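Subject: Structure handover

Hello,

Here is the structure for you to look over. My notes come after it.

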Amino acid sequence: MATVTHVPPGSASHRGTARRVFAMVAGLAVLVLAVAASVMFGSSTTSIGDVADVLSGTADAEITTIVESRYPRTALGVLAGLCLAVAGTLMQGVTRNHLAEPGLLGINAGASASIVTATAFWGATGSTAAMWWALPGALVAGVAVQVIGSSGAGRSQVRLVLAGAVLSAVLMAYIQAVTLTKPQVFDSYRYWVVGALGGRDFDVLLSMLPFAGAGLLLALLLGHSLNALALGDATAASLGANPWAVRAGGLFAATLLSAAATAAVGPIAFVGLAVPHIVRAVVGADFRRQIVFSAVAGPSLMLAADVVGRVVMRPQELMVGIVTAFVGAPALLIAVRRMRGNA
C-alpha cells in the first residue's frame, strides 16, 4: 500500500517550491513588461494608451504604422532570446563548462562564412535570404565541431572547445579574405555580423520556427538525462542514461537553437552565457527547471537590451548585439572569478 509523505509548510522543500513559483511568476511579469516596452519605445515613443488604441483599431494611421512596425522585431527578440538562452544552458550542461555559450561550437563563424559565400558568389541579398543561407553554414559548423570533438581519446569537453576554436579561426580567416577583396560583400556583411533585431519581418521569424521548435522540444526531453550526466558518465550509465547519446542529443539541440537565432538576427554574444548563470542561481542545478526558466529569462534580456539600444542614441539606434556585449562582459568576469574560487 502506497504511503503519502506530507511536506510541512515550513520545510526546506516547501520553501524551495514557493521560491521557484515566485521566480517564475516574476519572470513572466518581467517578460510581459519587456514585450510592452519593446512595442512602446523606439525612435518615437508611444504610450500604453496608443498601443491599446492600435490593438482595438481606433488609433490614427501614423500611430498604427509606428506600433505595428515594432511587432516583428519584438516577436523575433522573444524567439531569438529563447533560442540562445536554452542553447547556452544545454551547452553548459553537456560540456560541464560554465563558460560555454553558442559561439563555442563555431556556429557564429559557420553562419558568417555561409552568408559571405552566398553574397559574394550567388548575389544573395535581403534578411530572409540571409536566414536561409546562414542556417546551413551554422548547422554544418556545429556538426563538424561535434564530430571532431567526439573523436579520439581524452576529455571530450576539452576537445570540443579546441575544435570550436580551430574551426572558428579558419572560417574567420576565410571571411576576412573574401570581404577584403569584395567591398560590396563587406557592406552587406557588416550590418548582419553585429547582431540586430531591426529590419527583419515575420518571414524571417517563420523561417526559424521549425528549427527553434525542434531544438526546444529536444531540449525539454533531455532535461532529466542531463541531470544524470551532471553526476558523471559512470553514474549516468548506472541510472540508465547513455552518456554519448545524451551529449550528442544536447549538442544537436543546442546547434539547432543557436543556428536558428544566429541566422535570423546575427551573432549576438553573451545571452547564452549570462542567462544560464542567472537561472542556475535561482532554480538550482536541475536542468529541467533551468531549461524552462531560461526560455523566459532569455527573451526578457534580449528585449531589454534592444529597447536600451533604441532609446540611448535617439533618433539613431544602437544594435542589440553591442548592448548585450556591454551587459555580458561583466557576467563573464563574474563567472571566471567564481570558477577560480571553486578551483
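Below is what I found, from the whole chain down to one residue.

Please keep in mind that this is a predicted model.

**Whole chain**

The protein chain has 14 helices and 0 strands. Read along the sequence, the pattern is α-α-α-α-α-α-α-α-α-α-α-α-α-α. The chain has 343 residues, and 48% of them count as buried. It exposes about 16100 Å². Carbon and sulfur atoms supply 69% of that area. Now take the contacts with a sequence separation of 6 or more: 75% of them join residues 24 or more positions apart.

**Helices α12 and α13**

Helix α12 covers residues 271-283, and helix α13 covers residues 287-311. Their axes are 9 Å apart, and the packing angle is about 130 degrees. On the α12 side, the contact is made by Val271, Val275, Val279, Arg280 and Val283. On the α13 side, the residues are Arg289, Gln290, Phe293, Ser294, Ala297, Gly298, Leu301 and Met302. By class, this contact has 8 nonpolar, 3 polar and 2 charged residues.

**Helices α5 and α11**

Helix α5 spans residues 107-122, and helix α11 spans residues 243-265. They pack at about 45 degrees, with axes 10 Å apart. This pair is oblique as well. The crossing of α5 past α11 is right-handed. Ile107, Asn108 and Ala111 come from α5. They meet Ala254, Thr255, Ser258, Ala259 and Thr262 of α11. What classes do the residues of this contact divide into? There are 4 nonpolar, 4 polar and no charged residues.

**Leucine 218**

Leucine 218 is found in helix α9, which runs over residues 202-229. Its relative accessibility is 23%. Buried requires a value under 20%, and exposed a value over 50%, so leucine 218 counts as partly exposed. Which residues does leucine 218 contact, leaving aside neighbours within four places in sequence? They are Gly249, Phe252 and Ala253. Glycine 249 is 31 residues from leucine 218 in sequence. In space, the two are 7.5 Å apart, C-alpha to C-alpha.

Best wishes

Notes
Residues are numbered from 1 along each chain as its sequence is written. This is a predicted model: local features need pLDDT of at least 70, side-chain atom pairs count only at pLDDT 80 or more; totals for chains, interfaces and linings use all residues. Side-chain values use heavy atoms; hydrogens and water are left out. Helices (H or I, at least four residues) and strands (E, at least two) are DSSP runs, numbered from the N terminus. Buried means under 20% relative accessible area, exposed over 50%, partly exposed in between (1.4 Å probe, protein chains only). Contact means heavy atoms within 4.5 Å. Accessible areas come from the Shrake-Rupley method with a 1.4 Å probe; for residues, only the protein chains shown count as cover. Axes are lines fitted to C-alpha atoms, for helices over the stretch in contact, and angles run from 0 to 180 degrees between N-to-C directions. Ala, Val, Leu, Ile, Met, Phe, Trp, Tyr, Cys and Pro count as nonpolar, Asp, Glu, Lys and Arg as charged, and the others, Gly among them, as polar. Angles under 35 degrees count as roughly parallel, over 145 as roughly antiparallel, 65 to 115 as roughly perpendicular and the rest as oblique. A crossing is left-handed if the near helix is turned anticlockwise from the far one by less than a right angle, and right-handed if clockwise.
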